[in-house]
Amino acid sequence: MRGPTVESLMTTEVVTATTDTPFKEIVRLLDEHRISALPVVDTRGVPVGVVSEADLVAKEEYVGGTEEPRLFAGAARKQRWHKAHGRTAGDLMTKPAVTIATDASVTAAARKLADGNLRRLFVVAPDGTLAGVVSRRDLLSLFLRTDEQIREDIGREVLARALWADPNSITIEVADGVVTLAGQFDRRSEAEMATRLTAARPGVVGVVDHLSYEWDDITATHTAGL
């Protein structure tokens with residue numbers, strides 16, 4: 001059972017810059033398209049960096065050619081000073097660009113965004129070229145699925161496809177994304193797996209487990225191994 005991939009959520013129409021895109025053109029593109037960053041691509045269309053509003057604002061911080069930071073100034077401050085003197089995307093960009101594959105799971109994308117404290121990831125095709133961009137908001141769109149869509153998904157993907165269970169033997173109720181499972185499985189391992197898999201389905205906020213089972217195969221297995 002596979003969940004949604006990055007490709008299913010990404011935006012494919014991405015505004016880009018090249019390393020020689022001028023400073024003022026970058027500002028114009030950001031303003032015109034109401035975005036906060038641009039991927040910088042090489043001649044093949046491969047992302048090599050990203051230039052953001054934070055990279056550009058250094059020009060104002062050090063307006064007028066403010067004296068270069070002293071030797072013991074922090075690395076971040078020195079980097080901003082150098083960017084303040086940049087004229088093109090190649091001078092200004094942060095590199096490398098943080099990317100993710102089109103077939104990566106949404107879970108992997110969410111983890112990468114969280115670990116890097118990032119707003120977006122640039123999505124690359126198998127040949128390394130830019131295919132799209134996926135943002136935090138794109139991932140959150142999964143929670144816009146209706147309760148009925150979630151209920152049908154769990155019946156089809158969790159009960160029927162993953163567990164080969166009769167969907168009619170288990171009651172699935174969904175309210176505001178919170179799923180309540182009730183009914184009986186033959187084995188404890190099946191009941192626990194149903195809860196875990198349900199919690200991992202797109203749009204599920206939480207799971208209330210009212211499942212029971214006839215045979216505790218987990219305890220029996222552990223006891224047999226002693």
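Author: Let's start with Phe185, which counts as buried because its relative accessibility is 6%. Buried stands for under 20% relative accessible area, exposed for over 50%, and partly exposed for what lies in between (1.4 Å probe, protein chains only). This is a predicted model, in which local features need pLDDT of at least 70 and side-chain atom pairs count only at pLDDT 80 or more, while totals for chains, interfaces and linings use all residues. Residues are numbered from 1 along each chain as its sequence is written, and side-chain values use heavy atoms, with hydrogens and water left out.

Reader: Which element holds Phe185, and with which residues is Phe185 in contact?

Author: Phe185 sits in strand β7. Helices (H or I, at least four residues) and strands (E, at least two) are DSSP runs, numbered from the N terminus. A contact is a pair with heavy atoms within 4.5 Å. Leaving aside neighbours within four places in sequence, the contacts of Phe185 include Leu159, Leu163, Ile170, Glu190, Ala191, Ala194 and Tyr213.

Reader: How many helices and strands does the protein chain have, and what share of its residues is buried?

Author: You will find eleven helices and eight strands. Of the 226 residues in the protein chain, 36% are buried. Among contacts between residues at least 6 apart in sequence, 58% join residues at least 24 apart.

Reader: Which residues of α10 are buried, and where do they fall around the helix axis?

Author: Glu190, Ala191, Ala194, Thr195 and Thr198 are the buried residues of α10. Viewed down the axis, they fall within an arc of 140°, so they line one face of the helix. The arc is taken from the directions that run from the helix axis to the C-beta atoms. Packed against these buried residues are α9 (147–162), β7 (178–187) and β8 (206–215).

Reader: Which residues of α7 are buried, and which are exposed?

Author: In α7 (residues 106–116), Val106, Ala109 and Leu113 are buried. Their arc around the axis is only 60°, which puts them on the same side of α7. Ala114 and Asp115 are exposed on the other side. The cover over the buried residues includes α1 (6–9), β3, β4, β5 and α8. Just after α7 comes Asn117, with a positive phi of about 50°.

Reader: Where is Trp164, and is Trp164 buried or exposed?

Author: Trp164 belongs to the loop between α9 and β6 (170–175), and counts as exposed because its relative accessibility is 77%. Trp164 is not a glycine, yet its phi is positive, at about 55°. Now look at Asp176, in the loop between β6 and β7. Asp176 is also not a glycine, and its phi is positive, near 55°. With 70% relative accessibility, Asp176 counts as exposed.

Reader: Which residues does a cis peptide bond join?

Author: Lys95 and Pro96 are joined by one, with omega about -5°. To find Pro96, go to the loop between α6 (89–92) and β3 (99–101).
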